[in-house]
Amino acid sequence: MSIPVAILISGGGSNMVRLVESMKGDHPGRACLVLSNDPAAGGLEKAREMGIATATVDRRDFKNDREGFEKALISEIDGAGAEVICLAGFMRILTPHFISHYAGRMLNIHPSLLPKYRGLDTHARALAAGDKEAGCTVHEVTAELDDGPILGQAVVPVLPGDTPATLAARVLEREHALYPMVLRRFLEGARDRADLG
């Protein structure tokens, strides 16, 4: 019996596509839902083309009602039967209430080598600091922003002449390899850290 996985996105969904593509054959998981907070997110159409159910909970419909927004998210996720949630470029900060509802069952990918550069503009910040390495991290989601147990990282060298855009593109390639690897291990019960070389 496969473990149902919901993937939350806000944009083009390239990590979502890699996760869905990886969940085949003897993989323990299957994507049961791709959910976005933006009805215009390009990843929704990609998910539909791959035969995955999609849903949208538009944040703008909830004005200042964060609780209502998250209740609607939970309704969609639980209604799809999801047991594990993957945040894949979901650009909303979630409350402790939402996170506790899925405690120990929610993963996120972040484009830095955490604990460095939580939040936004990670590549520009790495370049400004003169870092020789950048990369990405998959971690369990906890109430603290971009925190929680690290399940895997992939390192990318910073090259002379790198811009935030060129560095982001190389990091994204590694995200596409790291996230599927970590998700599979997580669904198989592994909670130790496994990095990509």
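**Close-up views of a predicted model**

H123 is buried, with a relative accessible area of 13%; buried means under 20% relative accessible area, exposed over 50% and partly exposed in between, using a 1.4 Å probe and protein chains only. Everything shown here belongs to a predicted model, in which local features need pLDDT of at least 70 and side-chain atom pairs count only at pLDDT 80 or more, while totals for chains, interfaces and linings use all residues. Residues are numbered from 1 along each chain as its sequence is written, and side-chain values use heavy atoms, with hydrogens and water left out.

View 1. H123 sits in helix 5 (residues 122-128). Helices (H or I, at least four residues) and strands (E, at least two) are DSSP runs, numbered from the N terminus. Leaving aside residues up to four places away in sequence, H123 touches P111, P164, L167, A168 and V171; contact here means heavy atoms within 4.5 Å.

**View 2. The loop between strand 5 and helix 5.** Two residues of this loop are worth a look: P115 and D121. The peptide bond that leads from L114 to P115 is cis, with omega near 10°. D121 has a positive phi of about 55°, although it is not a glycine. Is D121 buried or exposed? D121 is exposed, with a relative accessible area of 58%.

**View 3. D146, between strand 6 and strand 7.** D146 is found in the loop that links strand 6 and strand 7. Its phi is near 50°, a positive value in a residue other than glycine. D146 is buried, with a relative accessible area of 11%.

View 4. Find A129 in the loop between helix 5 and strand 6. A129 is partly exposed, its relative accessible area being 48%. To set A129 against another part of the chain, take K63: the two residues are 66 residues apart along the chain, and their C-alpha atoms are separated by 37 Å.

View 5. In what order do the strands of the open sheet lie? Seven strands form it in the order 3-2-1-4-5-6-7, and the pairing is mixed. Strand 3 (54-56) and strand 7 are the edge strands, each pairing on one side only. From one strand to the next, the twist averages 20°. Strands of a sheet pair through backbone hydrogen bonds, either parallel or antiparallel. Two strands count as paired if DSSP finds at least two bridges between them. Strand 1 and strand 4 give a parallel example, with four bridges; within it, A6 has I85 of strand 4 as its bridge partner.

**View 6. Strand 6 and its two neighbours.** Strand 6 (residues 133-140) has seven of its eight residues buried, so it is largely enclosed by the rest of the structure. Strand 5 (residues 106-110) runs antiparallel to strand 6 and is joined to it by four bridges. Here L107 stands opposite E140 of strand 6. Strand 7 (residues 150-157) also pairs with strand 6 in the antiparallel sense, over seven bridges. In that pairing, G135 faces V155 of strand 7.

**View 7. Helices lying across the sheet.** Helix 2 lies across strand 1, strand 2 and strand 3, and runs at about 155° to strand 3. Helix 6 lies across strand 1, strand 2, strand 4, strand 5, strand 6 and strand 7, and runs at about 155° to strand 7. Axes are lines fitted to C-alpha atoms, for helices over the stretch in contact, and angles run from 0 to 180 degrees between N-to-C directions.

**View 8. Helix 1 against helix 6.** Helix 1 (residues 14-22) packs on helix 6 (residues 164-187) at an angle of about 40°, with the axes 9 Å apart. The two helices are therefore oblique to each other: angles under 35 degrees count as roughly parallel, over 145 as roughly antiparallel, 65 to 115 as roughly perpendicular and the rest as oblique. At this contact, S14, N15, R18, L19 and S22 of helix 1 meet L172, E175, H176, Y179, P180 and L183 of helix 6.

**View 9. What covers helix 1.** Which residues of helix 1 are buried? They are N15, M16, V17, L19 and V20. Their cover includes strand 1 (3-9), strand 2 (29-36), helix 2 (42-49), strand 4 (84-87), strand 5 and helix 6.
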